[in-house]
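Dear colleague,

I am passing on the structure we spoke about, together with some notes on what came out of looking through it. Please open it alongside this message, and read the notes with the model in view.

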Amino acid sequence: MKYTYPPSEYMQQLLEYNALEKLVFTPTDSKAHIIATLEQRSAKKRVIADIANTIIREYVETFEKEPDILRAEDVEALESFADILIPDGGRPGKLVTDFGIYYRISKLLTDYYRKQEDWDRYAFALNRCTLGFDLLINAHAFKNQASPYFDDSLALSRQLDSDKLHGRARSKVLLTLTRVAYGGVSQFSAAKLREVNSVLLSHMEQPPTEYEEKILLSFHVSLLDYFSDYCIYARDCGLAIDLPSIRPFLMGICGGLRERLEQDRLLGMDSGQLRLNLLTCDFFLGNLTLEAMLDGLSTMQEEVWHQPSPLAQAFGLAGINSIFLTVLYKFSPLPKDEICRICRKRIQEVIPKMIAVSQMANNVYFNRFIVMFLHAASLTGSFDEFAEIILETTVYADKPLFVHTAMVREMSLAIFDYMVAATPEAFDGVAGKNMTYILQHSVKMRQLLSDCCMYHDVGKFFMLDIVGNSMRHLTEDEFRLIKEHPGHFEHIFQTVGEQDERVKCIHDCALTHHLWHDGTAGYPLIPQTKNRPFADILAIADSIDASTDFLGRPYNSGKTIDQLITEFQAQSGTKYGPEAVAALSAPSVRDRLQYLINDGRREIYYQIYAFNRLPELEKGF
Ligand SMILES: [Fe+2]
Ligand SMILES: [Fe+2]
């Protein structure tokens, strides 16, 4: 196979792309300068995207279609590609990388070596596969999923008794086994965890090498983490935990870890993380009261405030508080109001720190911590409080998403203003209101639509930067994950205290904005709601922004507003709502949209990039 670019070129493109995403301006930068820089960025992104797509086509898609044409030199090329994305044995850490491609390459190599019966190399490739699965699927799905590689890993570990595996490949098998075990702890149960533990112990040399020791240590630290996760999960699902069975096993592990902590034999492991895991595990094992556990967390938080690095502070605060808020919310017998009061106070203390750090770093590695914290924050307080926190954070941590929601909002309001005067009956039933109410309270309804727009893609924030800000075509796995973004709102909706008509309307729009008007296609495929008229408007605005954004995205359709309107008309009544489509032809709406996708977009980008705030377009022009 002839390749246009070497694998190192891809990492170079990723780094350049990431640097472009993080463009930062100040209020003193002129609008002309900001817009010109954004235009140059968009052009440069297109060049980068073309290179990335060529690389992916040649290195990945060719062999996915025809695995049999893989030759030894191609295998070498794929190995070095995977190694560049995440160096062997290294952790992804703060690297800008591409989990989706890493996972795809790892799958190709795993299949190849299995067929070749090259067990040493198969052990390495399978290890990469499990890492890719964890980083891409598990990290984005926010649920304890069973690893699809558990059986393969266990089968491979049985080969350890034969002489088919050699050198570091043997340790890799153990490492893989630990990863697949805790990747799905809720499904695998205590018995499976014990099985993995005994396989690990039985295959270590006596005395164990430092590498083996590290594997065992990280497995045990993670076990505590996953045990706590499982206890929370079990509580949510009403499952009983077989404490008498798992308690002696985990107590033994905790004892060993405490000894290591005291003797400072952590082999590079973060002692703060270990102490946090021990504390939480003690609570779930029944060794600590809730009060003592929360006190322990507060003491740890005090220590974290004194960390010299702001990034370390933010990571620590996110980790500690997400446990604090979750445990308090789910396990405290205190009245709900009191719980919310305590949580609110903590959120207010920590959120400025999280925002400050999101200005410094914007990548998958960091966002994961913000997301952890936001997940916990969503459990507490009211929807409005949570919503304010998420918008405040998004404007720093995910500017492209914030710009998109602002654009969708402006376009949706233009459509609403026309419809509420021309076809108010179209809104009958929205937020449980009848037409008379809607006509009398059109300002309130307008504000509600505005909120629906601002929060429609909140679920995307929880998906992290799935593909390095999507500079290349999505892989099948990624597309499947992206399709889950409307559903992520569900999590917030179920936990916020109030579920009034207003919040329900915001919820319905978030959940159904990718569902067709006639309900026959799109995602998720669920029954329509009475708030469909708002979702219809939003779906059109969403689609216009995606296909015309020349300042943020590497690609757009390049279509004019009139071409787009013709397309909407062709799908009126099927994909799009007929009343909303009809509104597009009204001169006032068409002209406003025409303005918004050109100069209006420039203004929105300018305001958000220069001032980190939602533009007030109505006042400005
Ligand atoms: Fe969406
Ligand atoms: Fe959207």
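Which residue just after H11 takes a positive phi? That residue is Gly286, with a phi of about 90°. Please keep in mind throughout that this is a predicted model, and that the values below are computed from it.

To begin with the chain as a whole, its secondary structure comes to 28 helices and zero strands. The C-alpha trace spans about 80 × 65 × 50 Å along its principal axes. For 621 residues a compact globule would have a radius of gyration near 25 Å, and because the protein chain has 26 Å, the two agree. Buried residues make up 43% of the 621 residues, and, of the contacts with a separation of 6 or more, 72% are between residues 24 or more positions apart.

Helix H11 covers residues 271-284, and its 14 residues should span 20 Å at 1.5 Å a residue, which agrees with the 20 Å between its end C-alpha atoms. Its buried residues are Leu274, Leu276, Asn277, Leu279, Thr280, Cys281, Phe283 and Phe284, and these pack against helix H9 (210-237), H10, helix H12 (290-305) and helix H13 (310-331).

One of those partners, H10, runs over residues 243-263 and reaches 29 Å from its first C-alpha to its last, close to the 30 Å expected for its 21 residues at 1.5 Å a residue. Within H10, Ile246, Leu250, Ile253, Cys254 and Leu257 are buried.

On the H3 side the contact is made by Val75, Leu78, Glu79, Phe81, Ala82 and Leu85, while H4 contributes Ile101, Tyr102, Ile105, Ser106, Leu108, Leu109 and Tyr112. By class, the residues of this contact divide into 11 nonpolar, one polar and one charged.

Notes:
Residues are numbered from 1 along each chain as its sequence is written. Chains are lettered from A and ligands numbered from 1 in the order in which they are written. This is a predicted model: local features need pLDDT of at least 70, side-chain atom pairs count only at pLDDT 80 or more; totals for chains, interfaces and linings use all residues. Two residues are in contact if their C-beta atoms, placed from the backbone, lie within 7 Å. Helices (H or I, at least four residues) and strands (E, at least two) are DSSP runs, numbered from the N terminus. Ala, Val, Leu, Ile, Met, Phe, Trp, Tyr, Cys and Pro count as nonpolar, Asp, Glu, Lys and Arg as charged, and the others, Gly among them, as polar. The radius of gyration is taken over C-alpha atoms; the globule rule is 2.2 Å times the number of residues to the power 0.38. A residue is buried if 20 or more other C-beta atoms lie within 10 Å of its own, exposed if 12 or fewer, and partly exposed in between; C-beta atoms are placed from the backbone. The expected span of a helix is 1.5 Å times one less than its number of residues.
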